[in-house]
Amino acid sequence: MLIDTAEFICSSPNFKTCPNSEGPEFAFIGRSNVGKSSLINFLLNRKNLAKVSQNPGKTRMVNHFHVNNKWFLVDLPGYGYAKLPLRERERLETLIYQYLSKRKNLEHTFMLIDSRLNPQPADIRFMTWMVSHQNSFSILFTKSDKLTKNRLAQNLHHYKQVLMEFNFYPDQVIPVSVITRTGKDEILKTIESVLNSRS
Ligand code: GDP
């Protein structure tokens, strides 16, 4: 799939104010600072469409982008950011889980994981929730340029082993990097195949 057009639609502070559209949606989610905004800009061929944050925890709204006038990329708030006040963290979790469980036109979720880190409790909690709600999701292993090929393969293998222990079988695990421009084709192919399976 080629990206012809990508248009920012709106930022919504809560579930009720999200746009009233029925177009197919693909959500991107991960812990703060995982590289989500950078990846969205890379995917959509734009420098600054999703603001690359200097401060972790900045994305606190649901951002909708309309792509190729056909589908929506949904940038969900980061989760598991310990430095936010408890109330704000709870608000964000409610927003995220409401979105993932109630949004009827959500087709698939891409969960971003920093490829350098061991599985983190917040990620495992999130995946447990996704599996128990039968949400289809893929894992994107971000910042893969920061590791050697061997180290990346080891970390991927380790991550998959841990997921299997929890009975998680994500649709796929894709290494990505905005520096080496890796992973874009696989992500767009996944989106395309979901779109094709609907029509
Ligand atoms: P977000 O908080 O998840 O939206 O993360 P950002 O996109 O703002 O990125 C957080 C930091 O990681 C920034 O300093 C980015 O420049 C850096 N970053 C993002 N993606 C990559 C990547 O693929 N490789 C490297 N080396 N750094 C990255």
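Visitor: Where is His66 found?
Guide: His66 sits in strand β3, residues 62-67. Strands here are DSSP runs (E, at least two residues), numbered from the N terminus. The model is predicted: local features need pLDDT of at least 70, side-chain atom pairs count only at pLDDT 80 or more, and totals for chains, interfaces and linings use all residues. Residues are numbered from 1 along each chain as its sequence is written, and side-chain values use heavy atoms, with hydrogens and water left out.

Visitor: Why does His66 count as buried?
Guide: Because its relative accessibility is 17%, and buried means under 20% relative accessible area (1.4 Å probe, protein chains only).

Visitor: Which residues does His66 touch?
Guide: Thr5, Ala6, Glu7, Ile9, Trp71 and Phe72, leaving out residues up to four places away in sequence. Contact means heavy atoms within 4.5 Å.

Visitor: New topic, the ligand. How many residues surround the ligand?
Guide: 14, and the closest are Lys36, Ser37, Ser38, Asp145 and Val178. The cut-off is a heavy atom within 4 Å.

Visitor: Which side-chain atoms come up against the ligand's oxygen atoms?
Guide: An N or O atom in the Ser37 side chain is 2.6 Å from a ligand oxygen. For a polar side-chain atom of Lys143, the distance to a ligand oxygen is 3.0 Å.

Visitor: How much of the ligand does the protein bury?
Guide: The protein buries 80% of the 580 Å² that the ligand exposes when taken alone. Those areas come from the Shrake-Rupley method with a 1.4 Å probe.

Visitor: And after α3, which residue has a positive phi?
Guide: Gln134 follows α3, with phi near 55 degrees.

Technical notes: A polar contact is a pair of N or O atoms within 3.5 Å; within protein, one must be able to donate a hydrogen and the other to accept it, and residues adjacent in sequence count only if both atoms are side-chain atoms. Helices (H or I, at least four residues) and strands (E, at least two) are DSSP runs, numbered from the N terminus. Buried means under 20% relative accessible area, exposed over 50%, partly exposed in between (1.4 Å probe, protein chains only).
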